[in-house]
Amino acid sequence: MGKILFWLVVVGVVVLLMRLAAKKRVPPPDGGRKKEVEDMVRCRVCGVNLPRSEAILSRGRFYCSQEHRNQDQA
Ligand SMILES: [Zn+2]
């Protein structure tokens, strides 16, 4: 009886190790890389390039700052 219990434990440990090994082989999700390939847009006033999420969009045009937006549309 003790022997059966021993083998159950051994099999359990082996299965656990195999699962951990399989997990490690899975490549990391691409989520972290998305920001690097984010669209770059150009400020209409000074021409600086900046990520789309940081740019100010107004009337279909991009600006680096509120100041430049006002300057162009004054
Ligand atoms: Zn600008």
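Student: Which residues does His-68 touch, leaving out those up to four places away in sequence?
Tutor: In this predicted model, His-68 touches Cys-43, Val-45, Cys-46 and Tyr-63 once residues up to four places away in sequence are set aside.

Student: Where does His-68 lie?
Tutor: His-68 lies in helix α2, which covers residues 66–72.

Student: Is His-68 buried, exposed or partly exposed, and why?
Tutor: His-68 is partly exposed, because 18 other C-beta atoms lie within 10 Å, whereas a buried residue needs 20 or more.

Student: What separates the C-alpha atoms of His-68 and Arg-44?
Tutor: The two C-alpha atoms are separated by 8.0 Å, although His-68 and Arg-44 are 24 residues apart along the chain.

Student: Where is Arg-44 found, then?
Tutor: Arg-44 is found in the loop between β1 (40–42) and β2 (49–51). Arg-44 is partly exposed, with 16 other C-beta atoms within 10 Å.

Student: And which residues is Arg-44 in contact with, leaving aside neighbours within four places in sequence?
Tutor: Arg-44 is in contact with Arg-61, Phe-62, Tyr-63 and Asp-72. For Phe-62, which is 18 residues from Arg-44 along the chain, the C-alpha separation is 6.2 Å.

Student: New topic: which residues make up the largest nonpolar core?
Tutor: The largest nonpolar core has five residues: Val-41, Ala-55, Phe-62, Tyr-63 and Cys-64. In soluble globular proteins, nonpolar side chains tend to be buried together.

Student: What does Cys-64 touch, not counting residues up to four places away in sequence?
Tutor: Cys-64 touches Cys-43, Cys-46, Val-48, Leu-50 and Ala-55. Ala-55 is also a member of the largest nonpolar core.

Student: How much of the protein chain is buried?
Tutor: Buried residues make up 8% of the 74 residues in the protein chain.

Student: Why does α1 lie largely in the open?
Tutor: Helix α1 lies largely in the open because the number of buried residues among its 24 is zero. Helix α1 covers residues 2–25 and reaches 35 Å from its first C-alpha to its last, close to the 34 Å expected at 1.5 Å a residue.

Student: In what order do the elements run from the N terminus?
Tutor: The order is α-β-β-β-β-α, which comes to two helices and four strands.

Student: One last thing: what is phi of Arg-59 near?
Tutor: Phi of Arg-59 is near 50 degrees, a positive value in a residue other than glycine. Arg-59 has its place in the loop between β3 (56–58) and β4 (61–63). With 7 C-beta neighbours inside 10 Å, Arg-59 counts as exposed.

Technical notes:
Residues numbered from 1 in each chain as written. Predicted model: local features only at pLDDT ≥ 70, side-chain atom pairs only at ≥ 80, totals over all residues. Core = buried A, V, L, I, M, F, W, Y, C linked by C-beta atoms within 7 Å. Buried ≥ 20, exposed ≤ 12 C-beta atoms within 10 Å, placed from the backbone. Contact = placed C-beta atoms within 7 Å. Expected span 1.5 Å × (residues − 1).
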